[in-house]
Each structure stands twice: as structure tokens, then as C-alpha cells.
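Dear colleague,

I am handing over the structure below, together with an account of what was found in it. Please read the account with the structure open beside you.

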Amino acid sequence: MALKDYNKKRKFDETSEPKGKAKKSTNKLIFVIQRHAATRLHYDFRLEMEGVLKSWAVPKGPSLDPKDKRLAMMVEDHPYDYKDFEGNIPEGNYGAGQVEVWDSGTYEPLDETSKLSDEKELLKELHAGSLKFILHGKKLKGEFALVKMKNTEDNAWLLIKHKDEFAESPYDAEKNTSPKSLVTKFLEEKKSLKNDKKKS
Ligand code: MN
């Protein structure tokens with residue numbers, strides 16, 4: 001019942017987010033990163049595993065700079081269909097705000113020597129708290145690691161770019177966001193609304 005938490009948190013007669021159902025890619029495993037303006041702006045990093053999207057909220061966004069160790073808080077599994085979700089989550093609902101896909105593509109485990117299937121290898125590493133993989137996205141490419149932090153809250157991980165030909169230093173996810181971004185527009189409208197309230 002990996003999607004129980006996901007379904008419990010949402011009112012599907014109010015939000016247009018997809019209902020939780022497990023489903024798999026027919027070919028390669030996919031990843032998606034959604035930029036999400038909620039109480040705070042963050043990026044949701046999601047990796048397909050076992051028909052669901054394993055999910056981490058990354059407050060500062062992913063980076064291609066190996067020097068950046070980005071805090072990534074593991075959150076509830078999301079349904080596979082969430083990979084295409086974009087739009088508004090109405091006020092009063094969990095995660096209320098605006099969501100857009102920031103990057104997407106396929107991914108695979110880094111360990112070429114493993115005799116396990118790709119998915120089994122990734123699951124093994126996930127449970128061990130050290131996940132190494134290669135992203136084939138439009139923005140994010142190359143080797144990355146997600147490492148569970150020891151001696152902290154049990155859902156805190158770090159997202160780290162490995163040094164390879166795709167590394168870029170410095171890197172700012174916000175600067176690599178489309179100028180037509182609806183999430184940016186949403187944030188600007190929220191800000192001007194706040195300023196208007198201050199004036200009156
Ligand atoms: Mn989110």
C-alpha cells in the first residue's frame with residue numbers, strides 16, 4: 001500500500017492531481033523534477049521504482065555543481081501518473097500552490113557490475129540509504145547520488161552531483177527555469193498581492 005499516504009493527504013474532488021495507482025514504464029525507468037510553489041518554493045525530485053515515484057523535496061533545487069550537497073527530504077510515494085502533473089492545487093489542499101515540470105527523462109543505476117535487474121539494484125541501494133544513478137534529462141545529465149544522512153531525522157537525504165563531463169560550477173536551478181514559467185508568474189502575483197495588502 002505504498003500510495004496510502006498519498007491518497008490520504010488529498011481531496012480528489014478538489015485537486016486535479018492524479019489518484020494514486022501503481023503503473024510502470026514499458027521501457028526505461030523515468031525520473032521527473034517538478035518545481036512547486038507551495039508554502040515555500042521547492043523542487044520535487046522523483047524516481048520511478050516499483051510502479052510508483054519515490055519522492056524527495058529539495059528546498060534549494062537540484063544542482064550540477066559537485067560542491068553543492070542539496071538537502072532532500074524524502075516524502076510520500078507519488079503515483080506514476082504524477083510525472084505529467086502541472087497546474088494549480090487549490091487553497092486549503094495539501095501542497096496548495098502551483099506545480100510545473102522542470103525536467104524529466106530516463107534514469108538507470110550507476111552500478112554496471114550488478115547482476116540484479118536495474119530496478120532491483122536501485123531498490124537495494126534505496127534501502128541501504130545510498131543510491132547512485134545516471135540521469136538522462138534535458139537539464140540534468142550524468143551521475144548523481146542520493147545519500148541518506150546519518151544521525152538526523154530519518155527522512156533527510158543529500159542530493160549530490162558526481163564530477164563528470166556534465167558537471168557545471170556554479171549552478172542555479174532558478175536561473176535554468178524558463179522565463180515563461182507559470183510557477184514564477186504565480187510567485188510574482190502572490191508577492192504583488194502581499195504588497196497591495198501592505199499599502200492598504
Ligand atoms: Mn512539493
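How many residues line the largest pocket, and which of them lie nearest its centre? The lining holds 19 residues, and those nearest the centre are His36, Ala38, His42, Ala57 and Tyr94.

Before the details, a word on the source: this is a predicted model, in which local features need pLDDT of at least 70 and side-chain atom pairs count only at pLDDT 80 or more, while totals for chains, interfaces and linings use all residues. Residues are numbered from 1 along each chain as its sequence is written, and side-chain values use heavy atoms, with hydrogens and water left out.

The pockets

A pocket here is an open set of points on a 1 Å grid over the protein atoms alone, where a 1.4 Å probe fits and protein lies on both sides within 12 Å along at least five of seven lines, and lining residues have an atom within 4 Å of a point. The largest pocket has a volume of about 400 Å³, where volume is the space filled by probe spheres set on the points, which are joined across faces, edges and corners. Two or more residues of this lining come from each of β2 and β4, and β2 gives the most, with four residues. Strands are DSSP runs of E with at least two residues and helices runs of H or I with at least four, numbered from the N terminus. By class, the lining of the largest pocket has eight nonpolar, five polar and six charged residues; Ala, Val, Leu, Ile, Met, Phe, Trp, Tyr, Cys and Pro count as nonpolar, Asp, Glu, Lys and Arg as charged, and the others, Gly among them, as polar.

The second largest pocket holds about 260 Å³ of space, and its lining includes Ala38, Asn88, Phe186 and Lys190. The largest share of that lining, five residues, comes from α3.

The manganese site

The manganese ion is coordinated by His36 (ND1), His42 (NE2) and Asp44 (OD), at 2.2 to 2.3 Å. Donors are N, O and S atoms within 2.8 Å of the metal (3.2 Å for Na, K and Ca), and because water is not among the atoms, sites may look incomplete. Along the chain these donors follow the spacing H-x5-H-x1-D. His36 is buried, with a relative accessible area of 8%, as is His42 at 16% and Asp44 at 5%, where buried means under 20% relative accessible area, exposed over 50% and partly exposed in between (1.4 Å probe, protein chains only).

Salt bridges

A search of the whole structure finds 14 salt bridges, each being a side-chain nitrogen of Lys or Arg within 4 Å of a carboxyl oxygen of Asp or Glu. Asp44, already named as a donor to the manganese ion, also meets Arg46 in a salt bridge (3.5 Å, N to O), and Arg46 is buried at 2%. Lys9 and Glu76 form another (3.7 Å, N to O). Lys9 lies in helix α1 (residues 4-9) and Glu76 in strand β4, so this pair ties together parts that are 67 residues apart in sequence. Lys9 is partly exposed, with a relative accessible area of 37%, whereas Glu76 is buried at 9%.

With best wishes
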